[in-house]
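Here is a short briefing on one protein model. Look over the sequence and the fold, then read the points below.

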Amino acid sequence: MPQTKDDSRMERRSMEVRELRTKDDGKIAGYASVFNEETTIGGMFREVIKPGAFTRAIKEKDDVRALWNHDPNYVLGRTKSGTLLLKEDERGLWIEVDPPNTQFAADLMESIRRGDVDSMSFAFTADDETWHERKDDDLALREINSTTLYDISAVTYPAYSGTSVGLRSAESIYQDHVNSLEAQELPEEDDADRSQQELDRARAVVTVTKLKNNQERGFK
């Protein structure tokens with residue numbers, strides 16, 4: 001059964017996908033996500049989408065829409081109706097859309113043909129993630145291992161280009177990570193592990209504090 005979707009945790013990621021194209025059979029095809037490409041999110045943390053991040057969503061048939069600029073008024077296809085195909089390969093999440101016979105779809109396809117639209121985005125929640133805390137001056141690394149998918153979308157302007165996070169703020173995501181660190185019970189018998197976990201927590205809190213201070217000073 002598909003997982004229940006929690007809109008409050010929704011995020012968006014976008015990328016330029018030069019493979020985004022119209023096919024001779026009238027369909028739109030391209031990659032909505034590419035694996036193992038590291039991106040810095042809002043200056044707070046680094047992130048990669050790991051191979052297999054969409055396996056559950058595809059296998060359990062999440063009801064995913066293909067949209068234009070994430071606008072629900074412009075539906076290009078849907079997995080439930082068979083007009084949106086999702087497939088994982090070694091590179092990333094491949095999509096193929098059979099668009100409707102509508103004016104907005106025809107306009108979008110012409111823009112893709114001309115190269116005016118070459119970016120895609122996907123909306124998701126992270127169901128399984130792994131954090132690797134920062135060392136020295138590096139930001140923590142967030143690995144997205146499994147997702148619930150809401151939609152994939154051709155977009156005029158990407159929701160982020162390595163700097164912005166989309167719906168949920170980078171601070172909110174990282175604060176959840178900090179909270180999870182604080183909630184962990186540290187084993188009393190292993191002083192080395194305890195010290196390292198305490199250091200990781202301190203680093204995480206400092207990162208959030210620095211971002212808040214910069215925002216108060218007017219920096220983004």
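Helix H2 buries Phe104, Ala105, Leu108, Met109 and Ile112; buried means under 20% relative accessible area, exposed over 50%, partly exposed in between (1.4 Å probe, protein chains only). These residues lie on the same side of H2, because they cover an arc of only 135 degrees around the axis, taken from the directions from the helix axis to the C-beta atoms. This is a predicted model: local features need pLDDT of at least 70, side-chain atom pairs count only at pLDDT 80 or more, and totals for chains, interfaces and linings use all residues. Residues are numbered from 1 along each chain as its sequence is written, and side-chain values use heavy atoms, without hydrogens and water.

**Helix H2**
- On the other side of H2, Gln103, Arg113 and Arg114 are exposed.
- The buried residues of H2 pack against strands S2 (21-22), S3 (28-34), S6, S7 and S11; contact means heavy atoms within 4.5 Å.
- Gly115 follows H2 and has a positive phi, near 85 degrees.

**Strand S6 and its partners**
- S6 (residues 65-68) pairs with S7 (residues 71-78) in the antiparallel sense over 4 bridges; pairing needs at least two bridges found by DSSP.
- Trp68 stands opposite Asp71 in S7.
- S6 also pairs with S11 (residues 141-155), in the parallel sense, over 4 bridges.
- Arg65 stands opposite Asp151 in S11.

**Whole protein**
- The protein has 4 helices and 11 strands, which are DSSP runs (helices H or I, at least four residues; strands E, at least two) numbered from the N terminus.
- Of its 220 residues, 43% count as buried.
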